[in-house]
Every structure is written in C-alpha cells, then in structure tokens.
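Student: I would like to go through this structure by asking what lies behind each label. Please set the values against the definitions.

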Amino acid sequence: MARPFVQSFFAAQIKFLRRFTVKRRLFFTFLIISIAPLAIVATVSFYYSYKDAAQKIESYSMQIIRQVEINADAVVSDYETLLQTVVNEEVVQTGMKGAAGLDKLGQYRLDDEIKRMLNVKMMNNLAVTGITVALLDDRYSMFVGNRIVPAVYSGTRIYKETLGREGGGFAWLPPHLNEVRGFFQTGEKVLTVSVPIKDRWRGTNFGFAALAVKPGSFHPILSALGTPEQGRVYILDQSGSVIYSEEEAQWGLPLGDPKLIAALEERASDSGHLDYKVDGGSKFLLSYTRMKSTGWTIVNQIPYDYLMRSTWRILLFTIVIAAFFMLLSAYIAALVFNSIFSGIYRLMRSMRSLEMGDFQLTNLEQTGKDEIQRLTSSYDRMVDRLNDLINELYREKVVQQEMQIKALKAQINPHFLYNTLETISGLAKIHGVRGISRMTSSLSHIFRYSITGDEDIVPLREEIRSVEHYLSIIQVRYGDRMSFAIDVPRPLLACKVLKLILQPLVENAVRHGIEPKPGPGRVSVSASRVDGKLRLTVADDGAGIEADRLKELNRLLESPGDAPRSSATGSGGIGLLNVKERLWLAYREEASLHVSSAENRGTTIELSLPIDDSYEEDGGGRPCTAF
C-alpha cells in the first residue's frame with residue numbers, strides 16, 4: 001500500500017516539473033544546491049543576532065522606563081504632599097471655613113494671613129507658579145502667583161473635576177491655560193493638581209485647593225534618555241492627552257496618533273513593550289508603564305532604525321555576499337548548460353521536419369495553485385475579528401448606559417437653588433431665625449437626598465418626604481398664591497421607585513404651570529395601584545400647554561429611550577425628557593410617562609411603573625418593588 005502512494009507522489013512531482021524546460025529545471029536545481037546552504041546559514045545567523053539584540057534592547061528600555069516612573073512618582077508625590085500641607089494648615093481649616101461670614105476688615109486680615117502662608121509654600125518650589133484655595137459655591141477664594149480660576153469659579157473645569165471625583169483624592173489636569181480672562185490670562189499652559197478641602201472633624205468637603213505647576217518640571221527626569229534620534233518619551237493621561245513631551249506645542253493636546261493610543265488601550269498589563277508601525281511605514285519599539293498614583297502612561301518610543309543599525313549592517317553584508325555568489329553561480333550554470341544544450345537544441349530543430357508526419361499528443365493535465373486553504377484562513381481570521389468587535393461594542397454600550405444614569409442623577413437645578421437662597425435672605429431680613437431654620441432644614445434635606453448615597457432605587461416614602469421639603473420651600477416663597485396636596489395610601493409608601501423621579505415633575509408643574517398663572521394655583525401629588533402597576537400623578541390647575549406643543553411632547557415621551565432630544569419641553573428643572581430617559585434605562589418598555597393638558601385649565605403628568613406581584617393593598621406594609 002505504501003508503494004503505490006510513493007509512486008503517485010513522485011508522479012505528481014514529475015508532472016509539476018514537466019511544466020518547465022529541462023534547461024530551467026537543471027539551472028534552478030544548480031542554484032538551489034549552491035545558494036541554499038549559504039542562505040540558511042545567513043538567515044539563522046541574522047535571526048539569532050536580531051533576536052538577541054531585540055531582547056537586550058527591550059530589557060534595557062524597560063529598565064529606563066521603570067526608572068522614569070519612579071522619578072515621576074517622586075515628583076508627583078512632592079506636589080501632592082505640598083498641596084496636602086496647604087489643606088492641613090490651621091488658617092485653612094478654621095479661618096477660611098468661616099470666611100463667607102466675616103466683615104470686610106475680617107476678610108482683609110484673613111486674606112493677608114492666607115497669602116503669607118501660600119507664599120511660604122510656593123517659595124520652596126520654583127516649579128510651582130501658583131496656589132489657590134477656595135470655598136464651595138463661589139463664596140471665597142484666595143491665590144498667590146498664577147491665578148488658576150476666576151472670581152466666580154464653580155463652573156470651572158478644576159472645580160468640577162476636583163469635587164466630582166468619586167472618593168475624593170487628588171485630581172491632575174493636563175496642561176491648560178488658566179481659566180480666567182484679561183490681565184490674569186498668562187498665555188502659558190500649566191499642569192494643575194487639586195484636592196477637596198475636608199473638615200478635619202466632620203470629614204465633609206467645604207472647599208478645594210489647587211497648585212499650578214510648570215509642565216517642564218518633568219524635563220530633568222526625561223532629558224537623560226538621549227537625543228530625539230534615540231527615541232521620544234511621552235507622559236499621557238487616561239484620555240490620551242499629553243502631560244509632557246519634549247515638544248511644548250503638544251502639552252495638553254491629544255496625542256496626534258490615535259492608532260498609538262488604541263494600541264496602548266488594548267494592552268491589559270500595566271507595563272510592557274510592543275512593536276508599532278506608523279502610517280508612513282516607520283517601525284518603533286514602544287515601552288510603556290502606567291503610574292499607579294495618577295494613572296498616567298509613560299511611553300518610550302524608539303525607532304527600530306536606530307536600535308538595529310548594527311544588525312542591519314550584518315544583514316546588508318550577508319545580502320551582498322549572497323548576491324555575489326548567486327550571480328557567480330548563475331554565470332557558471334549558464335556557461336555549462338549552454339555548452340550541453342546547444343547540441344540538443346540543434347537536434348530539436350532537425351526533428352521539427354517530422355511535425356507534419358506521425359506525432360503523438362501527451363495530453364498532460366494542467367495544474368495550478370491551490371487558493372482554498374488561504375481563503376479558509378482569511379475567513380477564520382475575519383470571523384474572529386468580527387466577534388471581538390461585537391464584544392467590544394457591547395461593553396462600550398453597557399458603560400455608556402451606566403455613566404448616563406449617574407450623570408442624570410447628578411444634575412442639580414441652579415435656578416431653584418438661586419431662587420431659594422434669595423428667599424432665605426429676604427426672610428432673614430424680615431422674619432428672623434425660625435423661618436430661616438425651617439427653609440434651611442428643608443433645603444439641606446433636599447440636597448442631602450439628591451447628592452449623597454449611591455442607591456438608585458429608594459422607598460416611595462423617601463421620595464415623598466423629599467417632595468414635601470421642596471414644597472415647604474415653595475410655600476414660603478409663594479405664600480397664599482399657591483397650595484399643595486399629597487395623597488399617597490400608606491401601603492404604597494413601601495414601594496420602591498427611582499430616586500429623584502417625582503421632584504422634577506413637581507418642579508415642572510410649579511414653574512410652567514403655576515408661575516405663569518395670574519391667580520392662585522394648586523399642585524397635587526397622588527399615588528395608586530392600577531392594573532398591577534404603581535401610578536404616580538402630578539397635577540396642577542395652572543396655565544396648561546398648547547395643543548401642538550403637547551402633541552409633540554407626548555410623541556417624544558413615547559419614543560425609545562435613545563431617540564434624539566427636542567426643545568419641545570422647554571428648559572424647566574431636570575426636564576421631562578431626562579425623567580423619561582431614566583425610566584427607559586431602568587425599566588425599558590415596562591414604564592411610561594404621559595402628559596395631558598388644556599390651556600388655562602392645568603396639566604396632569606402620569607407616571608406608570610411596574611410593581612412586584614407580591615404586593616397586597618391590605619395595609620400590612622408588605623413591601624412592593626417598582627423595578
């Protein structure tokens with residue numbers, strides 16, 4: 001059985017060789033026998049020398065990048081320690097905390113004391129160009145050196161990044177211009193680090209502190225890596241913005257190589273190296289490490305042309321020698337074969353005279369190249385890549401939805417805050433302490449309920465309690481012009497609903513229903529169980545909504561959760577569309593939001609949520625769950 005297999009194998013080989021002339025077969029056989037040993041030796045030699053050089057360079061590059069990380073961590077730690085000492089100063093913890101309540105003379109004294117302290121801190125580090133300390137909500141700020149934020153600073157990026165971080169801690173922003181205009185706008189980019197100022201006794205934030213640092217402070221720890229020809233070093237933040245590079249124009253901007261950023265994001269390890277090829281064709285060895293303290297990535301980009309110069313010389317020398325012997329072998333083979341086959345060609349010419357006589361066709365089967373295996377391999381790679389892309393898109397969608405829910409929860413209505421604070425101020429001047437106490441307590445409850453806590457689902461009683469506090473503030477503001485009623489059966493108070501789902505609807509009724517109405521108005525909140533669902537209703541007898549606008553509003557509220565927004569809802573509070581988006585993300589099609597209204601007769605908003613089947617309206621307090 002083995003003999004027929006061997007015979008068929010050799011027959012196939014012979015069939016293939018007969019596609020070429022005898023001269024070409026012998027010629028290439030001679031070249032292969034003479035050149036193959038040299039090519040194998042040269043290839044193996046180059047491969048191992050290349051591999052050895054690459055391993056040594058990769059190891060050396062990682063040693064350098066880790067040393068840079070250690071030095072960068074030390075620099076970062078120095079600045080964070082300096083900022084922490086500012087936060088811990090007694091004048092900040094005690095004096096500045098009460099700055100908003102001081103008279104002008106007291107504020108002048110506090111300003112001088114804080115400035116002296118900040119100047120002492122800044123004099124000890126030449127790389128620090130400015131220090132700022134400030135209370136929350138634009139109540140007080142003081143700075144020395146570079147003024148990082150304007151007088152009204154609660155809307156600045158530093159303020160939001162510092163106080164919006166989960167868990168607090170230091171917030172580093174990539175190089176940027178200070179957020180002021182006019183005289184204090186220096187035009188030079190600074191790297192800022194900021195931290196919330198916590199009350200040392202209560203642990204709550206009452207302000208923030210920030211340092212402005214020259215990005216060039218990282219130059220001494222990176223300049224020792226060599227010339228630009230030997231490679232470039234970048235320090236990038238989590239979004240790919242340049243914290244530091246040797247090119248100052250890049251500071252604070254996204255690195256102009258999205259493929260490089262994508263390649264780094266795909267690496268799961270905190271340090272390592274990879275080969276990278278730019279669009280122009282140049283190849284680089286990238287060594288990277290991620291700093292644990294800040295999450296920054298330090299990247300050392302070294303051209304392979306520089307790394308492999310000696311190896312390329314060996315390769316060039318090998319190619320020249322191989323080409324020389326190949327040409328020499330080809331010349332000898334051509335000379336020998338021409339001397340052998342010249343007589344055969346003459347015999348062939350003489351035999352052509354027989355072509356018109358007796359001749360026999362060989363009927364040799366033509367052969368070709370097999371492309372099936374390559375096509376199958378390409379298909380497998382395509383399916384594997386498609387699966388990776390689907391998983392990646394799914395993960396991004398889940399993260400996007402989670403971040404959207406948190407962003408919607410975190411929105412606060414500044415219009416309501418400002419009106420409330422003005423009312424408190426007026427009440428303080430007219431009535432005295434008791435009214436201020438009630439309003440401040442209600443306002444405190446609302447913001448504590450809105451901001452604190454990570455839970456998204458709360459009992460209905462807590463949501464109603466928050467609405468009651470809101471309405472008590474509104475009652476003081478509008479007096480007899482407005483009245484309210486809340487009707488929720490006691491068994492339904494245990495039902496769980498989305499946090500902050502009712503207050504936007506009540507606020508919408510007050511602002512867009514009662515305020516435009518010339519006479520007194522009334523807002524009512526009620527809850528009931530209808531067809532196995534929890535129905536929450538917010539109604540007013542105010543100005544109502546025009547028919548065309550109402551139709552467009554209900555169309556948007558009934559559309560899918562990811563439908564585009566419209567200006568049909570106006571700009572009141574968190575907005576009905578935001579409430580609808582939160583309902584969509586939490587319940588999908590199981591929840592609904594509908595508005596009915598008539599001009600000059602009022603508006604009713606009905607919110608329907610799924611309810612747990614185990615609930616019974618028996619007054620026993622059995623919990624029901626709307627999710």
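Tutor: What follows is a set of questions on labels, and the values behind them.

Tutor: This is a predicted model, where local features need pLDDT of at least 70, side-chain atom pairs count only at pLDDT 80 or more, and totals for chains, interfaces and linings use all residues. Residues are numbered from 1 along each chain as its sequence is written, and side-chain values use heavy atoms, with hydrogens and water left out.

Student: Why is asparagine 554 called buried?

Tutor: Buried means under 20% relative accessible area, exposed over 50%, and partly exposed in between (1.4 Å probe, protein chains only). Asparagine 554 has 10% relative accessibility, so it counts as buried. It is found in helix H15, residues 547–558. Helices (H or I, at least four residues) and strands (E, at least two) are DSSP runs, numbered from the N terminus.

Student: What does asparagine 554 touch?

Tutor: His594 and Val595, not counting residues up to four places away in sequence. Contact means heavy atoms within 4.5 Å.

Student: Why is serine 45 called partly exposed?

Tutor: Its relative accessible area is 42%, so serine 45 falls in the partly exposed class. Serine 45 is found in helix H2, residues 22–88. Serine 45 and isoleucine 314 are 269 residues apart in sequence, with 9.2 Å from C-alpha to C-alpha.

Student: Which class does proline 489 fall in, and why?

Tutor: Partly exposed, because its relative accessible area is 34%. Proline 489 sits in the loop between E12 and strand E13 (496–498). Its C-alpha atom is 7.3 Å from that of serine 528, 39 residues apart along the chain.

Student: What makes E12 and E14 a pair?

Tutor: Two strands pair if DSSP finds at least two bridges between them. Six bridges join E12 to strand E14 (residues 521–530), and the two run parallel. One example is aspartate 487, whose bridge partner in E14 is serine 526.

Student: What is the strand order in that open sheet?

Tutor: The order is E12-E14-E15-E17-E16, five strands with mixed pairing. Strand E12 (482–487) and strand E16 (592–598) are the edge strands, since each pairs on one side only. The twist averages 15° from one strand to the next. Axes are lines fitted to C-alpha atoms, for helices over the stretch in contact, and angles run from 0 to 180 degrees between N-to-C directions.

Student: Which helix lies across E12, E14 and strand E15?

Tutor: Helix H13 (residues 460–478), running at about 165° to E12.

Student: How do you know that strand E4 is mostly covered?

Tutor: Eight of the nine residues in E4 (190–198) are buried.

Student: What makes a set of residues a nonpolar core?

Tutor: They are buried Ala, Val, Leu, Ile, Met, Phe, Trp, Tyr and Cys residues joined through side-chain atoms within 4.5 Å. The largest has 61 residues, and those with the most contacts inside it include Tyr79, Ile114 and Trp296. H2 gives the most to this core, with 12 residues. A second, separate core of 48 residues includes Leu471, Phe484, Val506 and Val510.
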